[in-house]
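Here's a quick tour to read with the model open beside you. We'll go from the overall build to one helix, then to some backbone spots worth a click.

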Amino acid sequence: MSSKHQVIFYPVGNGDTTQIVLALGRRILFDFCHRYKAEDEATPEIDLNKRLKADLAAVDRDYFDVVAFTHADADHISGSTEFFELQHAARYQGDGRIKIRQLWVPAAMLLEEATREQQSEEFVLLRQEARHRLLEGRDILVFSKPQALMDWLEPLLRARGESPSARDHLFVDAGTLVPGFSLAVDEVEFFCHSPFIKHCDDGDIIRNSAALVFNVRFEVDGAYYDYLEVGDAEYGDMEEIVEISRYHGNEDRLEWDLFNIPHHCSYRALADEKGDQETTPTPLVKDLLRKGRADSYIVSCSKPVPDIAESYHQTQPPHIQARKAYERYLREVGGRSFLVTMEEPNAYKPQPIVFDIERGGVTWQRATTLGAAAIIAARPPRAGRG
């Protein structure tokens, strides 16, 4: 029987929560944004707590294999410290909390001394949890190994009678594969594009630049399909990823069948200027957009992006000018659809956007207004890249 993986995007407004469900059952959650107002069924945002717990209960689980926080902005961690079990203190355990078998965080999340406005209680708790797991040497991977973090960690290890290098196996560098997953065993691998050491060692930490960015490569029956999972990167960060990938011969890791675009369809992920009608991406960002394969999809984790007069003057994302740019390049590569999490199947009661990755490619399981699902394929499935 052919394998089937899934990638699921949840409608949480201008926020991010995405789940990967692998064919063999392992589950990886990227970010967590529970809107407490969503517990009122009259609101369009999904009740994320209820939905995820129901999904796990259906497969007799009380844990995710991996929970990855791309960075510590509120729209990526909201509600997480009430939903997940935290190992560093008993008060955050039990009582139906969902366990995290392995936590993935950027190094910035352990180091960051945020401003008072950014230093939410949740951020402080997650930073404490990540520091605890790293010091204990279990159930965590930290992405990039800046000297500033080692200056904090090494004295603590010496005080415990351990070698300063005792936690080296828990760090993952940009440009490498994440340990613990492989195409041979799991039919998936995670290639880390970012963050880089300089994001923490070159002065002030900028959360968006120091966020996690991955190429996720799935294998089904000998064919490969690629998913770009991007935090709230800006265009300069994306340019750097393109340049470095080319320099190191990893340009294939820029290709995509599915692209979770940065920062809720902000024009700042494309260029410095929004443009009147349409954003013009910088040359390197254009190159990345042209890496999309035929039949590919772009997903914007955001509020609706209507093409109406008021949208062209909107300051905060999503930006209609950015949407038009993404749609232009999606058409150029022969892609299928630009999807917005808060628009499917409608803006009144959106449902998770679900993609099946199986023999023949990436297929959108389109939810209908009646709650059923219909497979959407604009053209016959392709054979994929062998």
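For the charge count here, Lys and Arg are the positives and Asp and Glu the negatives, while His and the chain ends are left out. On that basis the protein carries 45 positive and 63 negative side chains, and the centres of the two sets sit 3 Å apart. Keep in mind that this is a predicted model.

**Overall build**
- The protein has 11 helices and 18 strands.
- Its radius of gyration is 20 Å, close to the 21 Å from the globule rule for 386 residues, so the protein is as compact as a globular protein of that length.
- Along the principal axes, the C-alpha atoms fill a box of roughly 60 × 45 × 45 Å.
- Of the 386 residues, 58% count as buried.
- Looking at contacts with a separation of 6 or more, 67% are between residues 24 or more positions apart.

**Helix α5**
- Helix α5 covers residues 121–136, which is 16 residues.
- From first C-alpha to last, α5 reaches 22 Å, close to the 22 Å expected at 1.5 Å a residue.
- Buried residues in α5 include Phe123, Leu126, Ala130 and Leu134, but also the charged Glu122, Arg127, Glu129 and Arg133.
- An α-helix has 3.6 residues a turn, so residues three or four places apart point the same way.
- Just after α5, Gly137 takes a positive phi of about 80°.

**Backbone spots to check**
- Most residues other than glycine have a negative phi, and most peptide bonds are trans.
- Ser144 is not a glycine, yet has a positive phi of about 85°; look for it in the loop between β8 (140–143) and α6 (147–159).
- Ser144 is buried, with a relative accessible area of 2%.
- Cys265 also has a positive phi, near 65°, and is found in the loop between β13 (256–260) and α10 (283–289).
- Cys265 is buried too, at a relative accessible area of 0%.
- Ser194 and Pro195 are joined by a cis peptide bond with omega of about 20°, and Pro195 is in the loop between β10 (188–194) and α8 (198–201).
- Another cis bond runs from Glu344 to Pro345, with omega near 0°; Pro345 lies in the loop between β15 (337–340) and β16 (353–358).

**Thr363**
- Thr363 lies in strand β17 (residues 361–367).
- With a relative accessible area of 14%, Thr363 falls under the 20% cut-off and therefore counts as buried.

How values were computed. Residues are numbered from 1 along each chain as its sequence is written. This is a predicted model: local features need pLDDT of at least 70, side-chain atom pairs count only at pLDDT 80 or more; totals for chains, interfaces and linings use all residues. Side-chain values use heavy atoms; hydrogens and water are left out. Helices (H or I, at least four residues) and strands (E, at least two) are DSSP runs, numbered from the N terminus. The radius of gyration is taken over C-alpha atoms; the globule rule is 2.2 Å times the number of residues to the power 0.38. Buried means under 20% relative accessible area, exposed over 50%, partly exposed in between (1.4 Å probe, protein chains only). Contact means heavy atoms within 4.5 Å. The place of a charge is taken as NZ of Lys, CZ of Arg, CG of Asp or CD of Glu. The expected span of a helix is 1.5 Å times one less than its number of residues.
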